[in-house]
Amino acid sequence: MRPPTAQQLSALVLLLLGLAASAISPLTKRGRWLLDNNERVVTIHGVNQVNKRPPYDARSVGFDSRSARLLQQMGINGVRLGVMWCAVEPSAGSYNDTYLDSLAVTIDSLAQHDIHTLLDMHQDAYSTLHGGAGFPEWAALGTGPPNTVGFPAVLFGGNETHITPVVDNDYDAFWNNVNGVQDRFVGAVTRVAERLGSLDGVIGLELMNEPFAGSGWVLCGNLSSRDFSRGCEVFDSGLYTAFVQRAARSVHASAPSLLVWYDANLLFGLGAPSFVGHVDDPLLGFSYHNYNVANFSTPFENALAHQSVNDAALLCSEFGANPAPSKWDEVLDLAESQFLSWMYWAYTNDPPYNFSDTNSSLPPDPRAQGIVRNASEPLTPPNLNAAVARTLTRPYFRSLAGIPLAAQFSMTNRSFMFTYLPSASPVRESVVFVPESLYPGGSYVATADGANVTVVSGKEELLVASDPGREDPVHFFLFPRSVD
């Protein structure tokens, strides 16, 4: 008798816990677009949920069906779920299946609320041993005392900054596979793919959050002026591209249909272009961040410019990190005008490290970065940041039977306009999320030129069905109306 596979074991865990199968659509990709099982273009409006403290799973910080319901009401259809190598492999060669089982429960809960999951192999400044989080201490091979300057300054070691380079040395050892440390990580990533990659709602696995060039950061720009427009060409095109190739190959040997996402290096989010080279793999996504307060357009432009290198799906998997929407709500308008999916940082955040000076772009208390401060407490103000939740809640085409051409949403007057070219597919119905919180009691008017609009009973959704045989663009309009 053959032993059960990892996927079968995961399914058994969910069955024993009494969890029902979900009906969430699996997603694939074509070019930059994510597609559902009817080949409609899917847009992700998402959040990050990463627990950086032991035992590192989302459930242990109170993330459960209450949070999933809140996110569903906000129109969120994606969660970037943190997976910490230090929890997957607490000692070299020993995997923690209990941790993976807990993540499986969270993934299932999200799927029950029509929310997709992106598995995120998360790390910040490598390991707790030297002032970061994510990678196990046994894998931190840099020598010297940890810095106390906080994140992200701890990354920028060297004579210029007077910061000891111990974290940079950690990264250098990893990229050069000293003592086989990268081998061990690729093995852990593959283990995660085997156990979780086939679960309902999983839209892929991100190989590493914010990979950093180690001591090579000095070639990437000017820290004092915060100008990283030069980019990290040597690192991106060399050691990092080689890592993406080998990790993707390993994952797809065990999970051949799973989308593999590679994150841009950390400085991309501050304006650096990507120089990641061609990777021989048809199932790739490019995950990137946007914290470039000097010009939020730059990371989006750089992502679109990089897309063709690997014909990758695109996802802005982090932006925000500030409780004042005025600091980042421009990102939403820019993303949606270019039909780019996004994920806000964060739902909750309570890292084990302090933050360095970031010119007020980040709050001094990292818990203030979250939509909620504590997921275990009532999900209402003041624990819930109502301003952030309100700004993230907006109408959008969740599934589009066509190609988007133009989009505009105004939070001021709550008007939404969208133009698309219908596809030749037999499926003509697109799905639009219309939040009750913005249009209470159905207080809106929805019309379309070239399509029929119907309300989905019991859901905050509209179906927009293009006229049969229509070859011209469809123009959709949504406006508020007063309630008598």
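**Figure 1. Surroundings of Phe243 in the predicted model.** Apart from neighbours within four places in sequence, Phe243 is in contact with Phe174, Trp175, Gln182, Phe185, Val186, Leu207 and Met208. This view, like those that follow, is taken from a predicted model. Phe243 belongs to the largest nonpolar core, which has 112 residues. Phe243 is among the residues with the most contacts inside that core, together with Leu155, Phe174, Tyr288, Tyr347, Ile371 and Leu392. Helix H6, residues 181-196, supplies the largest share of this core, namely 8 residues. A second, separate core holds 22 residues, including Val41, Val434, Val464 and Leu478. As a general background, nonpolar side chains tend to be buried together in soluble globular proteins.

**Figure 2. Gln182 in helix H6.** Gln182 is part of helix H6. The residue has a relative accessibility of 5% and therefore counts as buried, since the cut-off for that class is under 20%. When residues within four places in sequence are set aside, the contacts of Gln182 are Phe174, Trp175, Asn177, Phe243 and Arg246. Its side chain also reaches the backbone oxygen of Trp175, at 3.4 Å. Ser109 lies 73 residues from Gln182 along the chain, and the C-alpha atoms of the two residues are separated by 32 Å.

Figure 3. Thr241 is located in helix H7, which spans residues 233-254. With a relative accessible area of 10%, Thr241 is buried. Two backbone atoms are of interest in this view. The backbone oxygen of Asp236 is reached by the side chain of Thr241 at 2.5 Å. The backbone nitrogen of Gly277 lies 2.9 Å from a polar atom of the Thr241 side chain. Not counting residues up to four places away in sequence, Thr241 touches Asp236, Phe275, Val276, Gly277, His278 and Val279.

**Figure 4. The open sheet and the pairing of S12 with S15.** The sheet contains 7 strands in the order S1-S2-S3-S12-S15-S18-S17, and the pairing is antiparallel. Strand S1 (28-30) and strand S17 (451-455) form the edges, each pairing on one side only. Within the sheet, strand S12 (residues 396-400) and strand S15 (residues 429-433) run antiparallel and are joined by 3 bridges. Phe397 has Val432 as its bridge partner in S15. In general, the strands of a sheet pair through backbone hydrogen bonds, either parallel or antiparallel.

**Figure 5. Two cis peptide bonds.** The peptide bond from Trp345 to Ala346 is cis, with omega near 5°. Ala346 lies in strand S11, which covers residues 342-348. A cis peptide bond also leads from Pro381 to Pro382, again with omega near 5°. Pro382 is found in the loop between S11 and helix H10 (386-392).

Figure 6. Tyr56, a residue other than glycine, has a positive phi near 80°. This residue is located in the loop between strand S4 (45-49) and helix H2 (65-73). Tyr56 is buried, its relative accessible area being 13%. For Glu210, likewise not a glycine, phi is positive and near 40°. Glu210 occupies the loop between strand S7 (202-206) and H7. A relative accessible area of 10% places Glu210 among the buried residues.

Definitions and conventions: Residues numbered from 1 in each chain as written. Predicted model: local features only at pLDDT ≥ 70, side-chain atom pairs only at ≥ 80, totals over all residues. Heavy atoms only, no water. Pairing = 2+ DSSP bridges. Helix = DSSP H or I, 4+ residues; strand = E, 2+ residues; numbered from the N terminus. Core = buried A, V, L, I, M, F, W, Y, C linked by side-chain atoms within 4.5 Å. Buried < 20%, exposed > 50% of the residue type's maximum accessible area, 1.4 Å probe, protein only. Contact = heavy atoms within 4.5 Å. Polar contact = N/O pair within 3.5 Å; in protein donor to acceptor, adjacent residues only side chain to side chain.
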